[in-house]
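Hi everyone, thanks for coming. I'd like to walk you through one model this morning, so please have a look at the screen.

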Amino acid sequence: MEHINASDFKARCLSILDRVRATGERVVILKRGQPVAELGPATQSLARYPQLELEGTVTVVGDIVDPVVPEDHWESNR
C-alpha cells in the first residue's frame, strides 16, 4: 500500500485515480505525516437498481397497511 502526502496527492490526483482503478492498489493519503484518508477502487454493483441490493434484508413484523395508532386516538376524528 502506497503512502502519499496530501500536497503530492493534490498535484497528481488524476494520475493516482487512474492507477488505483487500473491496479486496484489502495493509497493512504497523509497530512503532516498522519493518515487522513485511504483511497481504493470503487466496488461495482451488479444490481440493476440499488434497491435490489436490499432484497432479503428486511423483515416485516405485523401489518404494514393498517395505521399504527387506533382511529379513536386520532385528533382529526374528535
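Let me start with a term: a patch is built from residues with over 30% relative accessible area and no salt bridge, joining like charges within 9 Å and nonpolar side chains (Val, Leu, Ile, Met, Phe, Trp, Tyr) within 5 Å. Accessible areas come from the Shrake-Rupley method with a 1.4 Å probe, and for residues only the protein chains shown count as cover. A salt bridge, in turn, needs a side-chain nitrogen of Lys or Arg within 4 Å of a carboxyl oxygen of Asp or Glu.

Residues are numbered from 1 along each chain as its sequence is written, and side-chain values use heavy atoms, with hydrogens and water left out. This is a predicted model, where local features need pLDDT of at least 70 and side-chain atom pairs count only at pLDDT 80 or more, while totals for chains, interfaces and linings use all residues.

So, to the patch. Val58, Val60, Ile64 and Val65 make a nonpolar surface patch of about 470 Å². Valine 65 sits in the segment after β3 (34–39); helices (H or I, at least four residues) and strands (E, at least two) are DSSP runs numbered from the N terminus. Is valine 65 buried or exposed? With a relative accessibility of 70%, valine 65 counts as exposed, given that buried means under 20% relative accessible area, exposed over 50%, and partly exposed in between (1.4 Å probe, protein chains only).

Now the sheet. Three strands make an open sheet, ordered β1-β2-β3, with mixed pairing; two strands pair if DSSP finds at least two bridges between them. At the edges are β1 (2–5) and β3, each pairing on one side only. From one strand to the next, the twist averages 30°. β1 and β2 (residues 27–31) run parallel and are joined by four bridges.

Where does the helix go? Helix α1 (residues 6–23) lies across β1, β2 and β3 at about 140° to β1. Contact here means heavy atoms within 4.5 Å, and axes are lines fitted to C-alpha atoms, for helices over the stretch in contact, with angles running from 0 to 180 degrees between N-to-C directions.

Finally, how many salt bridges does a search of the whole structure find? Three. In one of them, arginine 19 pairs with glutamate 2, with the closest N and O atoms 2.2 Å apart. That pair links distant parts of the chain, arginine 19 being in helix α1 and glutamate 2 in strand β1, 17 residues apart. Both arginine 19, at 29%, and glutamate 2, at 24%, are partly exposed.

Aspartate 18 and arginine 21 also meet in a salt bridge, at 3.5 Å from N to O. Both lie in helix α1, three residues apart, or about one turn of the helix. Aspartate 18 is partly exposed at 42%, whereas arginine 21 is exposed at 66%.

Then glutamate 38 bridges to arginine 26, with closest N and O atoms 2.5 Å apart. Glutamate 38 is in strand β3 and arginine 26 in the loop between α1 and β2, so the pair ties together parts twelve residues apart in sequence.
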